[in-house]
Amino acid sequence: MKLQKKLFFAGMFFLIAVSVLVHWQWIIRPGIFTKGAWWYLSNEFFRDVLSAPKVLNGFDDFTIGALTPMFAPILAIGGLLTFFGDAFPIWERVVFLWPIAFLGVVPMYYLLYQKYNSILGAIGGTLIYAFNSYIIARETAHLYIVVAYLILAPLLFITVDRLIRKPSGKNGLFFTATTIAFSIFEIRILYIFTLVLIAYAIYQYIQNKKLHSWHLVSTILISFAVIILVQSYWLFPFLF
């Protein structure tokens with residue numbers, strides 16, 4: 001068991017090393033990284049996020065530079081960073097570049113190992129998942145999608161699986177927090193991924209009678225209530 005645990009962590013550190021090598025410029029090179037749809041945001045723009053009375057900008061929510069519901073909390077971090085100088089270089093590294101480089105391979109590796117109990121299989125699957133041509137292309141323009149795809153999607157699957165198999169306040173909290181984070185980074189992918197999770201949850205519920213409990217149902221309902229309540233900031237523009 002101890003050897004298996006050591007091999008598991010060795011595999012994880014190997015994948016992190018590969019990711020660091022692939023993304024070395026994000027870690028070592030100073031300055032600003034922009035390309036395509038990933039444009040530079042000024043301190044003035046970030047400050048407007050903190051002072052804006054509404055989350056939406058009216059009839060068109062996805063124009064360049066517009067405040068959108070899904071991105072507002074993330075942009076607010078940039079607003080706070082303006083007190084320390086030029087916010088964008090720090091913001092894009094702390095929120096996107098460094099988490100992708102150092103943590104992007106971890107959730108999928110853990111998920112695959114948990115499901116199949118194979119270190120080599122988990123390493124191979126993670127390499128394919130994290131470094132395929134689609135996600136590499138997205139890393140040049142759509143970092144919100146990359147964070148959702150690499151980190152939040154497998155992490156949400158893990159939290160749902162734990163909640164179904166062992167309903168508790170702790171697992172419900174992890175599920176709720178992960179879903180809220182997912183909705184902030186890329187709610188459009190969350191819509192699609194939710195359908196997959198619902199199908200998986202129903203299958204597990206039908207196959208395993210041990211999962212039939214009011215405790216599970218009540219925990220899920222409470223989690224959904226909190227998630228919906230947090231999403232209420234979408235309604236702010238219509239209240240003023």
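Two residues are in contact when they have heavy atoms within 4.5 Å of each other. The model is predicted. Its secondary structure comes to eleven helices and zero strands. Of the 240 residues, 45% count as buried.

**Overall layout**

- From the N terminus on, the elements run α-α-α-α-α-α-α-α-α-α-α.
- Take the contacts between residues at least 6 apart in sequence: 72% of them join residues at least 24 apart.

**Helix 11: length and sides**

- Helix 11 covers residues 214-230, which is 17 residues.
- Helix 11 reaches 24 Å from its first C-alpha to its last. That is close to the 24 Å expected at 1.5 Å a residue.
- Which residues of helix 11 are buried? They are Leu216, Thr219, Ser223 and Ile227.

**Helix 11: partners**

- In general, two packed helices are described by the angle between their axes and the distance between the axes.
- For helix 10 and helix 11, the angle is about 150° and the axes are 12 Å apart.
- Angles over 145 degrees count as roughly antiparallel, so helix 10 is roughly antiparallel to helix 11.
- Helix 10 passes helix 11 in a left-handed crossing.
- On the helix 10 side, the contact is made by Gly172, Phe175, Thr176, Thr179, Ile180 and Tyr205.
- On the helix 11 side, the contact is made by Leu216, Thr219, Ser223, Phe224, Val226, Ile227 and Val230.
- Leu216, Thr219, Ser223 and Ile227 are the buried residues of helix 11, and each of them takes part in the contact with helix 10.

**Helix 6**

- Helix 6 spans residues 106-116.
- Its buried residues are Pro107, Met108, Tyr109, Leu111, Leu112 and Tyr113.
- What do the buried residues of helix 6 pack against? Their partners are helix 1 (2-22), helix 5 (87-103), helix 7 (119-130) and helix 9.
- Asn117 follows helix 6, and its phi is positive, near 55°.

Note on methods
Residues numbered from 1 in each chain as written. Predicted model: local features only at pLDDT ≥ 70, side-chain atom pairs only at ≥ 80, totals over all residues. Heavy atoms only, no water. Helix = DSSP H or I, 4+ residues; strand = E, 2+ residues; numbered from the N terminus. Expected span 1.5 Å × (residues − 1). Buried < 20%, exposed > 50% of the residue type's maximum accessible area, 1.4 Å probe, protein only. Axes fitted to C-alpha atoms, helices over the stretch in contact; angles between N-to-C directions. Parallel < 35°, antiparallel > 145°, perpendicular 65-115°, else oblique. Left-handed = near helix turned anticlockwise from the far one by under 90°.
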